[in-house]
Amino acid sequence: MEVKIGVLHTGREITIESEAAPEEVERAVSDSVASGSPLRLVDAKGTVFLVPAAVVGYVEIGSARKGGVGFGNL
């Protein structure tokens, strides 16, 4: 599943391909913002991303990708 994090005062967003369930990501974001602790997410390759809660502008939690190439896979 694709997770996009918008960072305040930055033109680019952070995009992570995560194997976590959407509910897990949502809980991590909510806990981070509520406590002020860094948002910690791990991508599908095991890379850890830490984003300070104070600079999280938005988080877009996508659905699982279906893979494939071409127009037939829309």
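Me: In which sense do strand 3 and strand 4 pair?
Reply: In this predicted model, strand 3 covers residues 39-42, and strand 4 covers residues 48-51. Four bridges join the two strands, and their sense is antiparallel.

Me: Which residue stands opposite Leu 41 in strand 4?
Reply: Strand 3 and strand 4 form a hairpin with five residues between them. Across this pairing, the residue of strand 4 that stands opposite Leu 41 is Phe 49.

Me: Which residue in the turn between strand 3 and strand 4 has a positive phi?
Reply: The two strands of this hairpin are separated by five residues. In the turn, a positive phi of about 95 degrees belongs to Gly 46.

Me: Is Leu 50 buried or exposed?
Reply: Leu 50 is placed in strand 4. The cut-off for exposed is over 50% relative accessible area. Leu 50 has 59%, so Leu 50 is exposed.

Me: What pattern does the protein chain follow along the sequence?
Reply: The secondary structure comes to one helix and five strands. Read along the sequence, the pattern is β-β-α-β-β-β.

Me: How many bridges join strand 1 to strand 2?
Reply: Strand 2 spans residues 13-17 and runs antiparallel to strand 1. Within this pairing, Gly 6 stands opposite Glu 13 in strand 2. The number of bridges joining the two strands is five.

Me: What is the phi of His 9?
Reply: His 9 lies in the loop between strand 1 and strand 2, and these strands form a hairpin with five residues between them. Its phi is positive although His 9 is a residue other than glycine. The value is near 60 degrees.

Me: Is His 9 buried or exposed?
Reply: A residue counts as exposed when its relative accessible area is over 50%. His 9 has a relative accessible area of 86%, so His 9 is exposed.

Me: Which residues make up the salt-bridge network?
Reply: A search of the whole structure finds two salt bridges. Lys 4 forms one with Glu 2, where the closest N and O atoms are 3.9 Å apart, and another with Glu 13, where they are 3.8 Å apart. Because these salt bridges share partners, the network consists of Glu 2, Lys 4 and Glu 13.

Me: Is Glu 2 buried or exposed?
Reply: Glu 2 forms a salt bridge with Lys 4. Buried means under 20% relative accessible area. Glu 2 has 18%, so Glu 2 is buried.

Me: How many residues are in the largest nonpolar core?
Reply: The members include Met 1, Val 3, Ile 5, Val 25 and Leu 41. Strand 1, helix 1 and strand 3 each supply at least two residues of this core. The number of residues in the core is ten.

Me: Which residues does Val 25 touch, not counting those up to four places away in sequence?
Reply: Val 25 is one of the residues of the largest nonpolar core, and helix 1 spans residues 22-35. The residues that Val 25 touches are Met 1, Val 3, Ser 18, Ala 20, Leu 41 and Ile 61.

Me: Is Ala 53 buried or exposed?
Reply: Ala 53 is found in the loop between strand 4 and strand 5. Its contacts include Ser 32, Gly 36 and Pro 38. Since buried means under 20% relative accessible area, Ala 53, at 13%, counts as buried.

Me: How far apart in space are Ala 53 and Val 33, C-alpha to C-alpha?
Reply: Val 33 is among the residues that Ala 53 touches. In sequence the two are 20 residues apart. In space, C-alpha to C-alpha, they are 5.4 Å apart.

Note on methods: Residues numbered from 1 in each chain as written. Predicted model: local features only at pLDDT ≥ 70, side-chain atom pairs only at ≥ 80, totals over all residues. Heavy atoms only, no water. Buried < 20%, exposed > 50% of the residue type's maximum accessible area, 1.4 Å probe, protein only. Pairing = 2+ DSSP bridges. Core = buried A, V, L, I, M, F, W, Y, C linked by side-chain atoms within 4.5 Å. Contact = heavy atoms within 4.5 Å. Salt bridge = Lys/Arg side-chain N within 4 Å of Asp/Glu carboxyl O.
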